[in-house]
Amino acid sequence: MWTKLRTACIAIMVASISLSAEAAQAAAGERWDLTELYATAGAWSQSYEHARADVASLDRYKGTLGSGAEPMFTALAAISDARRELLRLYSYASLRSDEDLRNAANLERKQQAQSLLTELAQKTAWLAPEVQSLGQAKVRAYVEQSAALKRRFDFFLTETLRHAPHTLGVEAESVLAATGDVLAQPHSVFEQLVDAELPFPSLDIEGQKIRMGHVQYEKYRGSDDRAVRKAVFDAFWGAFNGYQGTLGSNLTAQVMGDVFSARARRFGTSLERSLFEDNMPEAVYRTLVAQANAGLPTLHRYLRLRKRLLGIQGELAYYDNYPSLFKISSPPHFSLQDSRRITLEALAPLGKEYLGLLRRGTGSSWSGSHPRLGKNSGAYMNGLAYDVHPYLLLNHDDDFESLSTYAHEWGHAVHTMLANADQPFEKAHYSTFIAESASIANEMLLGDYMVGKAASREEKLFYLGKQLESIRTTFFRQVLFAEFQLQMHEMRERGEPLSGASLTERYCALLKHYYGEAQGVMKIDPLYCNEWAFIPHFYFGYYVWQYATSMAGAAQFAEELQGQSAEQARERFIAMLKAGGSDYAYELYRRAGVDLGQAAPYQALIRRMNRIMDDIEALAPPT
Ligand SMILES: [Zn+2]
C-alpha cells in the first residue's frame, strides 16, 4: 500500500470526449475542468508553438549575465517565464493523457511537452556554469542592486553557486551525461527479471490453482489462514532464492554506479551526494536510523500485540505481518461528499485560512475523483500550473483508504495553494520532505478524528489498527531499508565485495534485529532474507527515508496541533507551508519548531504509536 499511496502521490502522473461537454456535466469535485488551463486543444497547440519559439531563442542570453544586474534579471526572467508556460503545457497534456491512457492523441501531446522540457534544459545548459564563473561576490552585488532580481532569483542564485564545487568542466560534464543510460540499466534488468522472466511456481489456494507472482503475493499474503500465507511466502521467496546471485550482482552494479557518480562529482560518499540536493544535514539521516533503533521496543510491543490479537500459537513469523489486526463486520462506506465533509471537520485544527482554501478547492472542478475505464490508477496532486490551481487525480472507491487518500492529496493541494499565493513562481515548488509531512499530518488528524467519532468499539479498533499498521510500514520498514542502503554503499566505498550472499546476510541481520528475534518476538525464516532482491526502491538511490523522516515530522506537528499551544503550532505550520521552496527543507522545518536532526520528532511518532496501543489494549484487554 505504501508504494502506491506514498510514492504515486507526488509523482506527476487523466478524456477524450469533448472537454467543454464534460465540464458542463461535472458536479463539484467529480470531474475536473481542464478548460481553465487551455480553453481547447487548439489553444494548447497555439501556446505550444509560441513556447517552442521562445525556447529556441533562449541561447541569445548566453554570455549576457555578467554585464550587470539588469541584464541578469532579463535573462533569468525570460528563461523562468518560458519554463512556467512549459509546465502549464505539460500539466494539461499529462492530465488529459491520464483521463484516458488509451488515447493516442493525448499521449502524443504529452510526449511533445516532455520533449520541449528536455529542449529547455539543453538550451539553457550554459546557465549554471555562467553564474558560477561570475563568482559569489559579483552575483551577491547584483542581487543587492536589484530588488526584482532579489525577489525572484536570490535563492536560485544561492543554489547555483552552492553547486559550483560539484560542477565539472564542459568535457567532463558531457561524459557524465552520456553515462546516464548505462547507469539506468540495473533497474531495467531488475524489472525484466522480476516482473517477467522469473519462474514462479503454482499453488493451490482455496481450491484454486494460482500461479504465484507479484500481484498474487500481495493479494494472498494477508490471508487469515496462516497455512496459506506461509505457503505464499515459501513459494514467492523460494523462487527468488534461485536468482540470489544474479540479483545480487545486479544490485551491486547499481551501488557501483551510485558510488561512481558521487565520486565523479567530488562527493566524499554517495550518502553525501544524495543529501546534497536538499542540503539536508547528514545528522538527519543518522538520527532517523538511531531513533528508529531506539524505538524498537515499541515495534516489539506492537508485534507481541499482533501475535495476541491474531491468536497465534507458538512463534510469530515474518508472514504474520500482513493480515489486518481488526476485521469489521460491515466496513464503513464513504461517498465522495462524505469524504469532503469529514476531511473538513477532521482538519479543523488547521484553522480558518486552511479550511477556507480546502473548502474552495474541494468545491471546484479541480479533481477527477472516480475510477473510469482507461483512467490512470492511483492518486496524485499536480500543482505544476502555477498561474491556475492544483489538479487532483483520485480513484475514490468509497472505503476508508479512499477517505484517507482524499485527506492526504488535498493536503498537497492546499500546500500548493498557500505556497503559490505567497511565493513567486521560482520559490513556490517545495521539497518532498515538507510535502509529505503536511499530507501525512492530515492523515493523522483524520485518524484521530475517526477514532473519536467511532460509534462502536469495533469501529474504534478498526481505525486504531489502520493507524498502527501504517507506522510499521511507513516508518520502521522504510528505516530498515534506509539502514540496508547505507550498509551496501558503505561496504562498496570501503572496497569490500558485495554479492547476493553477502547482501542476504546483511539483510537477515537487520530483519532479526528489527523484528526482535533475540528477544523472542519473531522468528525470521532464512528463506525470507532475500526480500532485498524484490525492493525496486533500491534502484533509485537513497530515497525511501524521506517518507520515514516526513512521518516523524508529521507526528510532532499533529501532536502540537492538538496540544496546549495549538494556536502557535498552527501559525508555524501554516508559515512553513506558505514558505514553499523559498529555503531548504531542514531550515523550514526548524523555523516551524521541528528539528529533524534531533530526537524530538521521532520520539513524537513513537509516543503516538504507544498511545494507539494503549487505546487498543484498553478496548481489547487480554483474556
Ligand atoms: Zn503524498
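## Charges over rings

A charge counts as sitting over a ring if NZ of Lys or CZ of Arg is within 6 Å of the ring centre and within 35 degrees of the ring normal. In this predicted model, arginine 162 lies over the face of phenylalanine 276, at 4.1 Å from the ring centre. A second case involves arginine 109, whose charged end sits over the ring of tryptophan 44, 5.8 Å from its centre.

## The three-stranded sheet

Strands S3, S5 and S4 form an open sheet in the order S3-S5-S4, with mixed pairing. Strand S3 (367-368) and strand S4 (380-382) are at the edges and have a single partner strand each, so one side of each is left without a neighbour in the sheet. S3 and strand S5 (residues 391-393) run parallel and are joined by 2 bridges. In this pairing, glycine 368 stands opposite leucine 393 in S5.

Helix H4 touches S4 and S5, and its direction makes about 150° with that of S4. Helix H20 touches S3, S4 and S5, and its direction makes about 15° with that of S4.

## Aromatic pairs

The structure holds 41 aromatic pairs. One of them is formed by tryptophan 32 and tyrosine 391, which are edge-to-face, with 6.1 Å centre to centre and 90° between the planes. Tryptophan 32 is in the loop between helix H2 (19-25) and helix H3 (41-56), while tyrosine 391 is in strand S5, so the pair ties together parts that are 359 residues apart in sequence. Tryptophan 32 counts as buried because its relative accessibility is 3%, and tyrosine 391 is buried with a relative accessible area of 1%.

Phenylalanine 200 and phenylalanine 236 form a stacked pair, at 5.2 Å centre to centre and 5° between the planes. Phenylalanine 200 lies in the loop between helix H11 (185-197) and strand S1 (202-205), and phenylalanine 236 in helix H13 (residues 226-241), 36 residues apart. Both phenylalanine 200 and phenylalanine 236 are buried. They belong to one aromatic cluster, whose members include Tyr217, Phe233, Trp237 and Tyr528.

The buried residues of helix H18 (residues 336-346) are Leu336, Ser339, Ile342, Thr343, Leu344 and Ala346. These residues pack against helix H19 (351-362), helix H20 (400-422) and helix H22 (432-453).

Asparagine 103 is in the loop between helix H4 (69-99) and helix H5 (104-123). A polar atom of its side chain lies 2.9 Å from the backbone nitrogen of alanine 105. The backbone nitrogen of asparagine 106 also lies 2.9 Å from a polar atom of the asparagine 103 side chain.

Conventions
Residues numbered from 1 in each chain as written. Predicted model: local features only at pLDDT ≥ 70, side-chain atom pairs only at ≥ 80, totals over all residues. Heavy atoms only, no water. Helix = DSSP H or I, 4+ residues; strand = E, 2+ residues; numbered from the N terminus. Polar contact = N/O pair within 3.5 Å; in protein donor to acceptor, adjacent residues only side chain to side chain. Buried < 20%, exposed > 50% of the residue type's maximum accessible area, 1.4 Å probe, protein only. Contact = heavy atoms within 4.5 Å. Pairing = 2+ DSSP bridges. Axes fitted to C-alpha atoms, helices over the stretch in contact; angles between N-to-C directions. Phe/Tyr/Trp six-rings, centres within 6.5 Å; stacked < 30°, edge-to-face > 60°.
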